[in-house]
Amino acid sequence: MRVRWVLGALAVGLTATGQETPSSSELAELKREALAVFSEIFRTGSAAERLSAVNSLARNGDDSVIALLAERLLQDNAPFVRRAAAEGLFRFRSPQAASALRHAALSDEISSIRWAAAISS
């Protein structure tokens, strides 16, 4: 799947620089590139690829991924992707994550997603 390829490519990119610890500018550039790839997966990927991307971002991401997860929670057409996004947003303690979870808890058409969002907010 593309998500595994992206994460693998980023890991190779980090070690290919010949440095044990990448500089902050290198890390920032890699993060921008990774977020762009995840955004592309969310636009063009299959539901399974989007689910894998949501799970990867929720497990490995920092606050910079909240907007992408919130977008999936509120806009993805696959219920299992929305539920994974709700569960992933739970680990982030931010107003943006809480707002997306509250919105989904009140408005999602699928009761299990409303429930997941409600207990996560």
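Student: Where do I start with H4 and H6, and at what angle do their axes cross?

Tutor: Two packed helices are described by the angle between their axes and the distance between the axes. Here the axes of H4 and H6 come within 10 Å and cross at roughly 5 degrees. An axis is a line fitted to C-alpha atoms, for helices over the stretch in contact, and angles run from 0 to 180 degrees between N-to-C directions. H4 and H6 are therefore roughly parallel to each other; angles under 35 degrees count as roughly parallel, over 145 as roughly antiparallel, 65 to 115 as roughly perpendicular and the rest as oblique.

Student: Which residues make that contact?

Tutor: Contact means heavy atoms within 4.5 Å. From H4 come Ile66, Ala67, Ala70, Leu73 and Leu74, and from H6 come Gln96, Ala97, Ala100, Leu101, His103 and Ala104. By class, the contact of H4 with H6 has 9 nonpolar, 2 polar and no charged residues. For those classes, Ala, Val, Leu, Ile, Met, Phe, Trp, Tyr, Cys and Pro count as nonpolar, Asp, Glu, Lys and Arg as charged, and the others, Gly among them, as polar.

Student: What kind of model is this, and how are residues numbered?

Tutor: It's a predicted model: local features need pLDDT of at least 70, side-chain atom pairs count only at pLDDT 80 or more, and totals for chains, interfaces and linings use all residues. Residues are numbered from 1 along each chain as its sequence is written, and side-chain values use heavy atoms, with hydrogens and water left out.

Student: How many helices and strands does the protein chain have?

Tutor: There are 7 helices and 0 strands, where helices (H or I, at least four residues) and strands (E, at least two) are DSSP runs, numbered from the N terminus. Reading along the sequence gives α-α-α-α-α-α-α.

Student: Which residues of H4 are buried?

Tutor: Buried means under 20% relative accessible area, exposed over 50%, partly exposed in between (1.4 Å probe, protein chains only). In H4, that covers Ile66, Leu68, Leu69, Ala70, Arg72 and Leu73. They pack against helix H2 (24–44), H3, helix H5 (79–89), helix H6 (95–107) and helix H7 (111–120). Across the protein chain, buried residues make up 39% of the 121 residues.

Student: How does H4 pack with H5?

Tutor: Their axes are 8 Å apart, at an angle of about 140 degrees. H4 and H5 are therefore oblique to each other. The contact brings together Ile66, Leu69, Ala70, Arg72 and Leu73 of H4 with Val81, Arg82, Ala85, Ala86, Gly88 and Leu89 of H5. Those residues divide into 8 nonpolar, 1 polar and 2 charged.

Student: And what about H3 and H4?

Tutor: Helix H3 (residues 47–60) and helix H4 (residues 66–75) pack at about 140 degrees too, with axes 10 Å apart. On the H3 side you'll find Arg50, Val54, Leu57 and Ala58; on the H4 side, Leu68, Leu69 and Arg72. By class, that's 5 nonpolar, no polar and 2 charged.

Student: Is Arg72 buried or exposed?

Tutor: At 7% relative accessibility, Arg72 counts as buried. Leaving aside its neighbours within four places in sequence, Arg72 touches Phe42, Arg50, Val54, Val81, Arg82 and Ala85.

Student: Where does Leu101 lie?

Tutor: Look in helix H6. Leu101 is buried, with a relative accessible area of 1%. Leu101 and Ile119 are 18 residues apart in sequence and 9.0 Å apart in space, C-alpha to C-alpha.
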